[in-house]
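Hello,

Here is the structure I promised to pass on. My notes follow below it.

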Protein chains: 2
Amino acid sequence: MTRDNASSGSRRPGRQVIVDAAVRCFYKQGYEGSSVRDIAEDAGVTPAALYHYYASKQDLLMDLITRFMASSIDRTEDALRRAGPDPVARLFGAAQSHVLWNASDVASSFIVNSEIRSLSPANREQHIAQRDRLQRLFDTCVEEGCDKGVFTTPWPHEASRAVVVMCTFVARWYRESGPLSPEEIAWRYGHMALSLVGASRGPQFEPPTYESVNGR
Amino acid sequence: MTRDNASSGSRRPGRQVIVDAAVRCFYKQGYEGSSVRDIAEDAGVTPAALYHYYASKQDLLMDLITRFMASSIDRTEDALRRAGPDPVARLFGAAQSHVLWNASDVASSFIVNSEIRSLSPANREQHIAQRDRLQRLFDTCVEEGCDKGVFTTPWPHEASRAVVVMCTFVARWYRESGPLSPEEIAWRYGHMALSLVGASRGPQFEPPTYESVNGR
């Protein structure tokens, strides 16, 4: 999966194996309900191997959350860049991207959005800064649309937060076995985000064809 | 708070004292991270007193979740009843009510929406039936609006789910110390729910006056 795992010359289990096991454990029984021993056992490594990468269970949680949030931010920035200057295209793209990202890893999304309480005060502060940064990307996008008169919501701040929440928490109900592909769901959420901010016109984009995505 | 506690003739600690302690413990350290001893200690009772009311920690969690969801359903039904037949008024009222209920107890709302994994299979099934019942109240409301041509969303089902999600998860960020009262937030969310479903007209209701609510 990662360079760690790919370095076949090393006999040390990769960091990703441990992160994947932590995600499974935290998702199933919560951070407080998972011991370092549980995680190591799930990963098929010794606790010592885990401690090679992480000083503590707290470090492991923080790394998992930080990396997920960093990807959320990167993907949103990328979607905004690709969308160009039109606020309609920007919000449509950012909302879609955020749905796809959260649906792509429902377990990590769940942990990131439920284990903030388990972060140490310093880590929590760092996480909140990251979360605020993500929210501001959407806020700016919605504010720009309002300034240009293409979004009509009287409450850009609340609308922007509601958009992020509804896209994030797709991970709470999305299952691969469901009737809609992630791309179809993301496409609908892109439109619903535009409705939510009172967009005065639609995105006028074609629906996804699915041909090149996940073999669908 | 409850009749249990009010029955001053009894020396037995009330059930509500135990439920309140469980909410604090589960909110802070999760279900798996909280022992019966932790909960009893927080409640200032003996584990035996807790076992007088609940056969197990699982029973306590299930009772807490079931009662919260039953209230969610009751309050939504009540809001729909009060709103009368107009789909605009109905969705506006139901969304407002759902925001107010979740903001009124952010800790219980958090537990209900993050500890489903900790329910036994039979309890989980029962919970999902309850959750579906709540969702169907909103679904029916949105479908009726679409049938009557006052809601224009092409995706009543997704829009309805997004409305419930965005109203439920107000509990994730709402704090009493924030700048907006719950009533003002609920009022804005009522409008945003209507935007989300593409309502062809607004609710034409007055904003809340706050006079009679919580002394504001």
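How many residues does the contact take from chain A and from chain B? It takes 23 residues from chain A and 23 residues from chain B. Two residues are in contact if their C-beta atoms, placed from the backbone, lie within 7 Å.

First, the ground rules. The model is predicted: local features need pLDDT of at least 70, side-chain atom pairs count only at pLDDT 80 or more, and totals for chains, interfaces and linings use all residues. Residues are numbered from 1 along each chain as its sequence is written, while chains are lettered from A and ligands numbered from 1 in the order in which they are written.

Back to the side of chain A that touches chain B. H2, helix H9 (156-168) and helix H10 (182-196) of chain A each give two or more residues. H9(A) has the largest share, six residues. (Helices are DSSP runs of H or I, at least four residues, numbered from the N terminus.) By class, this side has ten nonpolar, seven polar and six charged residues. Ala, Val, Leu, Ile, Met, Phe, Trp, Tyr, Cys and Pro count as nonpolar, Asp, Glu, Lys and Arg as charged, and the others, Gly among them, as polar.

The same surface serves both: 100% of the contact residues of chain A recur in chain B.

Best wishes
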